[in-house]
Amino acid sequence: MVIALPASAVSSLLRFSRDTVMGDQIQFIVEKLNQEPFRKSYNLISFDSLEPLQLLQLLSDVLGEIDPKHAVDIREELPEQTAKRMLNLLGILKYKPPGTVSDLSAFRQGLVTGSKTVIHPVLHWLLQRTSELKTRAYLARFLVKLEVPAEFLQDDTVADFNKQYEELMEAFKNLHKEHEQLKISGLSTAEIRRDIGAMEEEKDQLGKRVERLKKRVETVQNHQRMLEIARQLRLEKEREESLAQQKQEQKSQLFHAEQKLQRAQVQLKEMQHMVADSKPDSLMKKLEEEMNFNSYLVTEKIPREMESKKTSVYFLQKVVAEPAMTQADLTALEIERDEVNAEINQLIEKRMIKYEPTDSKFSMYRQQASIISRKKEAKAEELQAAKEEMSSLERQMEQKSSQAHELEGSEVLTEDEFKQYVSKLRSKNTFYKKKRLEIAEITAEFGILQRTEELLRQRHEAIQQQLQATEEKKGISGYSYTQEELERVSAVKSEMDEVKGQTLDNMSEMVKKLNAMVAEKKASLAPVIKELRQLRQNCQELTQECDEKKMQYDSCAAGLETNRSALEQEVKGLLEECAQEESNYHYINCMKRVRAQTVHCEMKWQLQYIHPYICSLEIQLQRAKEEMKAYMSPDPQERRRAVREQYTRIILEQENLGKKLREKQKVVRESHGPNMKQMKMWQDFEQLMECKRECFLKQQNQAAIGQIIQEGGKDRLVL
């Protein structure tokens, strides 16, 4: 039973669901803005009470977090520029506003005016996928292609630069993909560094081992020849491996070729059998059946499946093109779907009641036709599935035969070969049974011997116990054990003495050999050491001479650089003066020409005010043509004369100078703290020394005054 709701109730329900969705969006936006990196401390009321300009600034801040180029104050730019900038970035981020073309124009207008209904969904969409949009904005800086007009691409230089630009863009795409794959693979720099360190240690160890082996080999006679023979042996082994691999590949190729031949022979036999057993009528009948089946597939089944696939693809594309839907939107669509289905069912019932009476004679035939068509479709599908299964089984059979050939190394056995194999297997089976009987006899004998050993061990333990009891009675307990231990220790001692004697002899021989080798090496290295001393002395002299020459070169280069910069400044001044004089010359020449050509006084009066402007324009046009000619000239000397090249060189010089100054500034900033500490220490030291000097001067003055007083007292005493 379908309950029809009034239009007002439906509209109120839709409005309620829309308000609920907007409330959820605003709550999500406020939560995200209160977190890092925004930290806005909003609540629902304060966020909802924001002015349009504040909303636009907030949207600009969120876009600036995604792309730092958009972190600007919108009060410093025009509203049209703000809207254009935001629309460009939203287009790059692939934001799709909901609605049609008219809604798009309303979206642009709402973005300019700061409408809440436009900005709130944009903020919700941006804050949902901030990290993904950051990556997309970063890639857009390098992957958004610059459109160059076709008339400029006719120039070879511009075309080459454009081609190089496209190649660099493709290279950036590949590098970014590799970077993402490396990030996903989980390889960290610490692990790579550890692996590199381990490989370097292994390399050092291998190098040391190679050095030790070289030193050992150098003592052997004809070691160079032996090394050459070993190298040739290694090359021959590598060649043998490559030949074995080629042989294996050729075997596999031969096997595949034989398999193809066997399949072709089987097909030929089947075709011959079919031709021998069949008649033209049966062949024509089979061909007609196959043709009817294929025509049914082409005309009915495949077009119907293609139409259904196209319809599903169309609906999927439509769903993808629409913006993201919430649960409320899905609920509303389900309600609408149920209503439409109910209306369709009612219409079908009405149509059946109106156009199909119960006594219709065609209903039975229609039902039979539909049943036959369904059976036909089912049989066609079963036939198609059977064909696919047969092809898959044929492929599996080929794979199994190839695997059997790879494992066994031989082809699939024929009937005669299989009979021979069975006869061999029977003979081997009889041989196996004989050997199994022998093994059973040996096992039984082993059991008997094991039991005999156990009985002898028990008898030995009983005799040992009797012996121990007898020793205890006689008062010499442990005598047999002690005697056995002494015999064992004496045997071990004799063996150790022999080993020690052999070791001492070997060590003495090794010491003699080492002493002889050391003496030989000293004798052979003495002239080399003398030459090395002379070479070291020559190296020190050459190093000193090189340092002196380098200092001379640096001083000469600095002088030449200063002269070059002064000459460049002088040349720039002369070029500017020449350009000024040239413009004055053109102006005076034009004035002369104008005065010579003027006939009427009225024209003179007009030309006095207009012609200088025309002449200056002509001069500027002439200079622009000369500049364009010099810039487009293939001659590098002519291109250097262009003003653009001059300004480019000046800009590069200033940029280099700026880089040097920034480096100096960085050095000064880094050394500012220690230098200030050192300067303060020197100031304190200077004050301390000044204080000591004053104390010393005061002490000297006091000593002089005391000496004068003493001398005065002596004089008085003398008087």
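When I say contact, I mean heavy atoms within 4.5 Å. Hold on to that one, because contact means heavy atoms within 4.5 Å all the way through this talk.

Okay, some ground rules. What you see is a predicted model, where local features need pLDDT of at least 70 and side-chain atom pairs count only at pLDDT 80 or more, while totals for chains, interfaces and linings use all residues. Residues are numbered from 1 along each chain as its sequence is written, and side-chain values use heavy atoms, with hydrogens and water left out.

Let's start with the whole chain. The protein chain has 19 helices and zero strands; these are DSSP runs numbered from the N terminus, with helices being H or I of at least four residues and strands being E of at least two. Of the 719 residues in the protein chain, 11% are buried. Buried is under 20% relative accessible area, exposed is over 50%, and partly exposed is in between, using a 1.4 Å probe and protein chains only. And if you take the contacts in the protein chain with a separation of 6 or more, 56% of them are between residues 24 or more positions apart.

Now, helix α3, residues 52-66. Which residues of α3 and α6 meet? On the α3 side you have L55, L56, L58, L59, V62, L63 and I66, and on the α6 side K116, I119, H120, V122, L123, L126 and L127. By class, that contact has 12 nonpolar, one polar and one charged residues. For the classes, Ala, Val, Leu, Ile, Met, Phe, Trp, Tyr, Cys and Pro are nonpolar, Asp, Glu, Lys and Arg are charged, and the others, Gly among them, are polar.

What about the geometry? The axes of α3 and α6 (residues 116-128) come within 11 Å and cross at roughly 20 degrees. That makes α3 roughly parallel to α6. Axes here are lines fitted to C-alpha atoms, for helices over the stretch in contact, and angles run from 0 to 180 degrees between N-to-C directions. Under 35 degrees is roughly parallel, over 145 roughly antiparallel, 65 to 115 roughly perpendicular, and the rest oblique. The crossing of α3 and α6 is left-handed, so the near helix is turned anticlockwise from the far one by less than a right angle; clockwise would be right-handed.

Helix α3 also packs against α4, residues 79-92, at about 40 degrees, with the axes 11 Å apart. So α3 is oblique to α4. This crossing is left-handed too. Here L56, L59, S60 and L63 of α3 touch R85, M86, L89 and L90 of α4. Those residues divide into six nonpolar, one polar and one charged.

Look at R85, in α4. Is R85 buried or exposed? It's buried, because its relative accessible area is 13%. Not counting residues up to four places away in sequence, R85 touches S60, H70, V72, I74 and E77.

Another one to find is H176, in helix α9, residues 156-185. At 18% relative accessibility, H176 is buried. Leaving aside neighbours within four places in sequence, H176 contacts T135 and L139.

The structure holds zero disulfides, meaning pairs of cysteine sulfur atoms within 2.5 Å. C539 is partly exposed, at 46% relative accessibility.
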